[in-house]
Amino acid sequence: NGWCMQLTDGQVIFFDSEDQCVPLGPILETDAENFFAFLENVAASNSGYAESIRRFPKALLLKHIFHTSFSGYWPERALGWLAVDKAIQPLFKDELEKFIQNKVMPQGARQKAKRIIQNFSSS
């Protein structure tokens with residue numbers, strides 16, 4: 001009934017909250033469009049699980065990254081994913097505004113966050 005991961009000890013982690021999304025972070029290394037095209041192909045060939053496959057917890061993962069990262073590496077990847085999904089961008093207004101003000105984060109990433117806000121604010 002959702003995305004989860006079974007650990008080697010048999011424990012199952014459900015990705016149903018931000019703090020549970022820690023193991024998903026490395027997925028941000030992949031191209032978002034390719035990743036979701038892959039999921040769509042998997043969903044198309046597994047009709048019984050298609051709805052669950054399509055409900056990948058992207059928003060939770062991205063929120064986790066913005067709320068917990070102390071360097072620019074993972075937020076820059078999260079911004080890349082967020083840039084290609086205009087539908088969820090407004091959900092990240094608070095995170096992006098805080099990110100823009102955080103001088104620890106790379107200037108280019110802060111500018112990208114500002115452009116994302118400007119794009120959905122002007123729509």
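1. Lys58 is buried, with a relative accessibility of 13%. Here buried means under 20% relative accessible area, exposed means over 50%, and partly exposed lies in between (1.4 Å probe, protein chains only). This is a predicted model, in which local features need pLDDT of at least 70 and side-chain atom pairs count only at pLDDT 80 or more, while totals for chains, interfaces and linings use all residues. Residues are numbered from 1 along each chain as its sequence is written, and side-chain values use heavy atoms, with hydrogens and water left out.

2. What does Lys58 pair with? Lys58 forms a salt bridge with Asp85, and their closest N and O atoms are 2.4 Å apart. The pair links distant parts of the chain: Lys58 sits in helix α3 (residues 58-68), Asp85 in the loop between α4 and α5 (93-101), 27 residues apart. Asp85 is buried too, at 16% relative accessibility. A salt bridge is a side-chain nitrogen of Lys or Arg within 4 Å of a carboxyl oxygen of Asp or Glu. Helices (H or I, at least four residues) and strands (E, at least two) are DSSP runs, numbered from the N terminus.

3. The whole structure holds six salt bridges. Side chains of opposite charge can pair when their charged atoms come close.

4. Arg77 and Glu29 form another salt bridge, with the closest N and O atoms 3.9 Å apart. This pair also links distant parts of the chain. Arg77 lies in helix α4 (residues 73-83), and Glu29 lies in the loop between β2 (12-14) and α1 (32-45), 48 residues apart. Arg77 is partly exposed at 27% relative accessibility. Glu29 is partly exposed at 44%.

5. Glu97 bridges to Lys93, with 2.6 Å between the closest N and O atoms. Both residues are in helix α5, four residues apart, so about one helical turn separates them. Glu97 is partly exposed, at 33% relative accessible area. Lys93 is partly exposed, at 34%.

6. Now the core. The largest nonpolar core has 31 residues. Such a core is a set of buried Ala, Val, Leu, Ile, Met, Phe, Trp, Tyr and Cys residues joined through side-chain atoms within 4.5 Å. Which element gives the most to this core? That is α6, with five residues. Leu62, Phe66, Leu79 and Leu96 have the most contacts inside the core.

7. Take Phe66. Leaving out residues up to four places away in sequence, Phe66 touches Pro75, Ala78, Leu79, Leu82, Phe92, Glu95, Leu96 and Phe99. Contact means heavy atoms within 4.5 Å.
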